[in-house]
Amino acid sequence: QVQLVESGGGLVQAGGSLRLSCAASGSIFNINYMGWYRQAPGKQRELVAGITSSSSTNYADSVKGRFTISGDNTKGTLYLQMDSLKPEDTGVYYCNFRRPRPWGPMDDYWGQGTQVTVSS
């Protein structure tokens, strides 16, 4: 019911910046959490940053002070500003929207992923 389209990934040198965007279409009502995840080659997918419908945010320790998440769940927009990028930030970044359900599992939607590569 919800489709997410990501953009903004690319190749950047260490110390540079990128801004990722995620736009949702479809039935985006009652989305109460949005987040960015990343998966490096050979590693598990991990949470990078999240934001609730009340604008509370959380970040992985490795990106605190460098990344900023923002968005509007009512509009279906999500952003990740990435500054002071490091080679270890390299990976595929995914946006995620969640919608709770009174009965059964929550709705959980994912984007297609966008590649971020940081060279030293």
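Predicted model: local features only at pLDDT ≥ 70, side-chain atom pairs only at ≥ 80, totals over all residues.

1. Beyond residues up to four places away in sequence, Arg 66 touches Gln 81, Met 82, Asp 83, Ser 84, Leu 85, Lys 86 and Asp 89; contact here means heavy atoms within 4.5 Å. Arg 66 belongs to the loop between S6 and S7. Its relative accessibility is 10%, so Arg 66 counts as buried (buried is under 20% relative accessible area, exposed over 50%, partly exposed in between, with a 1.4 Å probe and protein chains only).

2. Two backbone oxygens lie within reach of this side chain. That of Ser 62 is reached by the side chain of Arg 66 at 2.8 Å, and that of Ser 84 lies 3.0 Å from a polar atom of the Arg 66 side chain.

3. Residues are numbered from 1 along each chain as its sequence is written, and side-chain values use heavy atoms, with hydrogens and water left out.

4. How many disulfides does a search of the whole structure find? The search finds one, formed by Cys 22 and Cys 95 with their sulfur atoms 2.2 Å apart; a disulfide is a pair of cysteine sulfur atoms within 2.5 Å. Cys 22 lies in strand S3 (residues 18-26) and Cys 95 in strand S9 (residues 91-99), so the pair ties together parts that are 73 residues apart in sequence. Strands are DSSP runs of E with at least two residues, and helices are runs of H or I with at least four, numbered from the N terminus. The link of Cys 22 and Cys 95 is right-handed, with 55° about the S-S bond. Both Cys 22 and Cys 95 are buried.

5. The largest nonpolar core has 28 residues, among which Trp 36, Leu 78, Leu 80, Met 82, Tyr 93 and Phe 97 touch the most other members. Such a core is a set of buried Ala, Val, Leu, Ile, Met, Phe, Trp, Tyr and Cys residues joined through side-chain atoms within 4.5 Å. The largest share, four residues, comes from S3. Leaving aside neighbours within four places in sequence, Leu 78 has contacts that include Leu 20, Cys 22, Met 34, Trp 36, Ile 51, Ile 69, Cys 95 and Phe 97.

6. Four strands form an open sheet in the order S1-S3-S8-S7, with antiparallel pairing; two strands pair if DSSP finds at least two bridges between them. S1 and S7 stand at the edges with a single partner strand each, so one side of each has no neighbour in the sheet. On average, neighbouring strands of this sheet are turned by 15° against each other, direction ignored. S7 and S8 run antiparallel and are joined by six bridges. Asp 72 is placed opposite Thr 77 in S8.

7. Six bridges join S4 to S5, and Trp 36 stands opposite Ala 49 in S5. The hairpin of S4 and S5 has six residues between the strands, and in this hairpin Gly 42 takes a positive phi near 75°. S5 pairs with S6 (residues 57-59) over three bridges, and Ala 49 stands opposite Tyr 59 in S6. The hairpin of S5 and S6 has four residues between its strands, and Ser 55 in its turn has a positive phi of about 75°.

Definitions and conventions. Axes fitted to C-alpha atoms, helices over the stretch in contact; angles between N-to-C directions. Polar contact = N/O pair within 3.5 Å; in protein donor to acceptor, adjacent residues only side chain to side chain.
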